[in-house]
Amino acid sequence: MLIFVVILTLSQILIAYIIFRREMRENIHKEQINDMLRLRLKSLKHEAALIQDDINATRVLRHDLRHHYRLLYTLLKNGDTTAALEHIKLQKEVIQELKR
């Protein structure tokens, strides 16, 4: 009878150990997945910030371009081609300077 109790107790300990190990592996796996998801979320937030910066830069460029066209239109409408050409020359220089 004592041997039966010892065997039963040892088998229960073994089963508990096996269950514990399986749960530990599952928890480690879940933590790894969570870490990867956190990293992906951080990356997506960074990408979203970069996209927002690009959108803002595009808005500024569109705004500036609209004003340049308005100025050129007004100068050409008033017949001041010299000033219009000078403005275009200055803008070309600015663009070349930005390329450097």
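1. Helices here are DSSP runs of H or I with at least four residues, strands are E runs of at least two, and both are numbered from the N terminus. By that rule the protein chain has two helices and zero strands. Helix H1 covers residues 2-77.

2. Some ground rules. This is a predicted model, in which local features need pLDDT of at least 70, side-chain atom pairs count only at pLDDT 80 or more, and totals for chains, interfaces and linings use all residues. Residues are numbered from 1 along each chain as its sequence is written, and side-chain values use heavy atoms, with hydrogens and water left out.

3. Overall shape. The radius of gyration of the protein chain is 35 Å, whereas a compact globule of 100 residues would have one near 13 Å. That radius is taken over C-alpha atoms, and the globule rule is 2.2 Å times the number of residues to the power 0.38. The C-alpha trace spans about 115 × 25 × 10 Å along its principal axes.

4. Burial and surface. Of the 100 residues in the protein chain, 4% are buried. Buried means under 20% relative accessible area, exposed means over 50%, and partly exposed lies in between (1.4 Å probe, protein chains only). The accessible surface comes to about 9,500 Å², and carbon and sulfur atoms hold 65% of that. Areas come from the Shrake-Rupley method with a 1.4 Å probe; for residues, only the protein chains shown count as cover.

5. The protein chain carries 17 positive and 12 negative charges, and their mean positions are 4 Å apart. Lys and Arg count as positive, Asp and Glu as negative; His and the chain ends are not counted. Each charge is placed at NZ of Lys, CZ of Arg, CG of Asp or CD of Glu.

6. Salt bridges. Side chains of opposite charge can pair when their charged atoms come close. A salt bridge requires a side-chain nitrogen of Lys or Arg within 4 Å of a carboxyl oxygen of Asp or Glu. The whole structure has three.

7. Asp35 and Arg38. Their side chains form a salt bridge at 2.9 Å, N to O. The two are about one helical turn apart, because they sit three residues apart in helix H1. Asp35 is partly exposed at 47% relative accessibility. Arg38 is exposed, at 53%.

8. The other two pairs. Arg40 bridges to Glu47, with the closest N and O atoms 3.9 Å apart. Arg40 is partly exposed at 45%, and Glu47 is partly exposed at 37%. Glu97 pairs with Arg100 at 3.2 Å between the closest N and O atoms. Arg100 is exposed, with a relative accessible area of 75%.

9. Positive patch. Arg59, Arg62, Arg66 and Arg70 gather in a patch of positive charge on the surface. Patch residues have over 30% relative accessible area and no salt bridge; like charges are joined within 9 Å, and nonpolar side chains (Val, Leu, Ile, Met, Phe, Trp, Tyr) within 5 Å. Arg70 lies in helix H1 and is partly exposed at 48%.

10. Nonpolar patch. Which residues form a nonpolar patch on the surface? They are Met1, Phe4, Val5 and Leu8, with about 460 Å² of accessible area together. Val5 belongs to helix H1. Val5 is partly exposed, with a relative accessible area of 41%.
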